[in-house]
Amino acid sequence: MDLSIVNVTDRLLRIMTNAENEAELSKYKVLQPVHLLIACLGEKGGALGEITLKCTLDVTFLRTLVDGFDSNQNTTKSKFFNVPVTEDVLTILEVAFRYMTRYRQAYMNEGHLLKALMTTNMLDHLVSDENKKIILSLGTTSRDMISHLGNYKFPQVNSNIIRKVNPNDANDLIQFIEHQFSKQWSETIRNALLLDEPSVYIAFDYKGEMVGFAAYDVFENRKCYFGPMGVSESNRVKGIGYSLLHHCLKDMHDIGYEYAIIGGAGPIEFYEKACNAVVIPTAYKD
């Protein structure tokens, strides 16, 4: 894995920087997996702030344990950090990258890192089973978010390649979603296309090929509910999802919705930046 060619969210970059700072303050000045965990717990945005409130991990205690690091453990250099790292850290980053690719996401984020930290068992001696369950439940799964539309200032977005769906698009759209995403999403959109005025937008590239879609008020007939939305992998990080999102949010605003619920958001930081959305707190259940 070469992080220099991997898209990484700003939050994950900040976590990596803070983990390096933690390592520099430690006795042996070697970055370990626990430093990555401490840096995650220091973040207050997204779902991470909720984790710090609901799990019982004590960052001060974790820092004291770091100084008990086995100085004979193998360390290596990494172009991603300015301090030596253990080989376990490189393994963690490799696993996080694999989670990103498995979920077909465009950016590696803190959820991928947390899942790698919890599933590789490298921190089992520091993190109880209960805390592990809390972290996995709150920090590594898709979360519902909410965006306030009442006084929202809508940006200018690319409208040349985006339009509302029409009956002639049905077959191509369903095939596109089934090929690029999931049967569940295609069934949701198939049902939406039975409506007189489907609240579905589609995006095309400049060659006229379909590259994305977005919808609202179609999932289980829930009102004020945005999603699903998807852009083909080869066309991500081009602003298409941002434009699709805002076409839908503008419609929702014009209908009179004060808020939009973004259902099952995987790329949390995308929605935080795109439309000031925040994660909706959830009651953790064992």
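Q: At what relative accessibility does Phe 270 count as partly exposed?
A: This is a predicted model, where local features need pLDDT of at least 70, side-chain atom pairs count only at pLDDT 80 or more, and totals for chains, interfaces and linings use all residues. Residues are numbered from 1 along each chain as its sequence is written, and side-chain values use heavy atoms, with hydrogens and water left out. Buried means under 20% relative accessible area, exposed over 50%, and partly exposed in between (1.4 Å probe, protein chains only). Phe 270 counts as partly exposed because its relative accessibility is 30%.

Q: Which geometry class describes the ring pair of Phe 270 and Tyr 271?
A: Rings of Phe, Tyr and Trp (its six-membered ring) pair if their centres lie within 6.5 Å; planes under 30 degrees apart are stacked, over 60 edge-to-face, and the rest tilted. A search of the whole structure finds nine aromatic pairs. In the pair of Phe 270 and Tyr 271, the centres are 4.9 Å apart and the planes lie at 80°, so the class is edge-to-face.

Q: Is Tyr 271 buried or exposed?
A: Take the ring partner of Phe 270. Tyr 271 has a relative accessible area of 7%, so this residue is buried.

Q: Which residues form a cluster through ring pairs?
A: Look now at a linked set of aromatic side chains. Ring pairs join four names into a cluster: Phe 176, Phe 181, Trp 185 and Phe 213.

Q: Which ring does the charged end of Arg 222 sit over?
A: A charge sits over a ring if NZ of Lys or CZ of Arg is within 6 Å of the ring centre and within 35 degrees of the ring normal. Arg 222 is partly exposed, at 35% relative accessibility. Its charged end is 5.2 Å from the centre of a ring, that of Tyr 225.

Q: Which residue forms a salt bridge with Glu 220?
A: A salt bridge is a side-chain nitrogen of Lys or Arg within 4 Å of a carboxyl oxygen of Asp or Glu. Glu 220 is exposed, at 53% relative accessibility. The closest N and O atoms are 2.7 Å apart, and the partner is Arg 222.

Q: How many salt bridges does a search of the whole structure find?
A: One of them joins Arg 11 and Glu 272. Another joins Asp 124 and Lys 132. The search of the whole structure gives a total of 18.

Q: How many residues apart are Arg 11 and Glu 272?
A: Their side chains meet in a salt bridge at 2.9 Å, N to O. Helices (H or I, at least four residues) and strands (E, at least two) are DSSP runs, numbered from the N terminus. Arg 11 is in helix α1 (residues 10-25) and Glu 272 in helix α11 (residues 268-275), so the pair links distant parts of the chain, although the definition of the helices rests on DSSP runs. The separation in residues is 261.

Q: What relative accessible area does Arg 11 have?
A: Glu 272, its salt-bridge partner, is buried, with a relative accessible area of 18%. Arg 11 is buried too. Its relative accessible area is 5%.

Q: Which peptide bond is cis, with omega of about 5°?
A: Consider strand β7 (residues 225-231), which holds Pro 228. The cis bond joins Gly 227 and Pro 228.

Q: Where is Asn 121 found?
A: Asn 121 is not a glycine, yet its phi is positive, about 65°. At 46% relative accessibility, Asn 121 counts as partly exposed. Its place is the loop between α6 (110-119) and α7 (129-139).

Q: Is Asp 217 buried or exposed?
A: Asp 217 lies in the loop between β6 (210-216) and β7. Its phi is positive, near 60°, in a residue other than glycine. At 9% relative accessibility, Asp 217 counts as buried.

Q: Which residues does His 112 touch, not counting residues up to four places away in sequence?
A: His 112 lies in helix α6. At 3% relative accessibility, His 112 counts as buried. Contact means heavy atoms within 4.5 Å. The residues touched are Ala 96, Tyr 99, Met 100, Tyr 103, Gln 105 and Tyr 107.
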